Amino acid sequence: MFIPHMWKLKQPLFERFAVLLSVGIVWAFAALLTVAGAYQNRPLQTQFSCRVDRSGLVSGASWIRFPYPLQWGTPNVDAGEVFLMLAAAFVSLIEVYIQLKMFRLIFDVVADLILFFPLTSKTYENSTSYPVSTTNL
């Protein structure tokens, strides 16, 4: 199976995200056991720490919050900053245009060289007017 170079990782996926994948797999297994009813006849402490629906990990964690619009206040817009961002975008647009034009120019020159020189070298090989003298060597 052919895999393009850009999709190949320098490190395998399970080595890069080992902790994240382990937590996800254990959480999914605990959810499966909760739905299957494996914790119904267990002590309350076991149910509290193992059940996904009663553990309170997501609701009790202060660092897990769902964002809502304008939670940091209304945004401030300054005309000078807008002008600077538009100027930077315009410069970037012109640079990309110039790079594409230069790429096209270089491509045309190289294509002309590739197409022109083999034709000229074949014409000189069979021509008698080409100034090559083998008697003076």
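**Figure 1. Confidence across the elements of the predicted protein chain.** In this predicted model, helix α2 (residues 18–36) has the highest mean pLDDT among the elements of the protein chain, at 88, whereas α4 has the lowest, at 70. Taken over the whole protein chain, the pLDDT averages 78, and 72% of the residues score at least 70. The protein chain contains five helices and zero strands, so that its elements, read along the sequence, follow the pattern α-α-α-α-α. Of its 137 residues, 6% count as buried, and the protein chain exposes about 13400 Å², of which carbon and sulfur atoms supply 69%.

**Figure 2. Helix α2 and the residue that follows it.** The 19 residues of α2 reach 27 Å from the first C-alpha to the last, close to the 27 Å expected at 1.5 Å a residue. Just after α2 comes G37, which takes a positive phi of about 85°.

**Figure 3. T34 and its contact with the backbone of A30.** T34 has its place in helix α2, where a polar atom of its side chain lies 2.7 Å from the backbone oxygen of A30. With a relative accessible area of 11%, T34 is buried, because this value falls under the 20% cut-off.

**Figure 4. L70 in the loop between α4 and α5.** L70 is found in the loop that runs between α4 (57–60) and α5 (79–126), and L70 has a positive phi of about 55° although it is not a glycine. Most residues other than glycine have a negative phi. The side of the comparison that concerns accessibility is also given here: L70 is exposed, with a relative accessible area of 59%.

**Figure 5. The salt bridge between R104 and D108 in helix α5.** The structure holds one salt bridge, in which the side chains of R104 and D108 meet at 3.5 Å, N to O. Both R104 and D108 lie in helix α5, four residues apart, which is about one turn of the helix. An α-helix has 3.6 residues a turn, so residues three or four places apart point the same way. D108 counts as partly exposed, because its relative accessibility of 32% lies between the 20% and 50% cut-offs.

Figure 6. An unreviewed UniProt entry lists residues 79–98 under "transmembrane region".

How values were computed:
Residues numbered from 1 in each chain as written. Predicted model: local features only at pLDDT ≥ 70, side-chain atom pairs only at ≥ 80, totals over all residues. Heavy atoms only, no water. UniProt positions renumbered as here; feature names shortened; annotations may be inferred. Helix = DSSP H or I, 4+ residues; strand = E, 2+ residues; numbered from the N terminus. Buried < 20%, exposed > 50% of the residue type's maximum accessible area, 1.4 Å probe, protein only. Areas by Shrake-Rupley, 256 points an atom, 1.4 Å probe, with all protein chains shown as cover. pLDDT = per-residue confidence, 0-100. Expected span 1.5 Å × (residues − 1). Salt bridge = Lys/Arg side-chain N within 4 Å of Asp/Glu carboxyl O. Polar contact = N/O pair within 3.5 Å; in protein donor to acceptor, adjacent residues only side chain to side chain.
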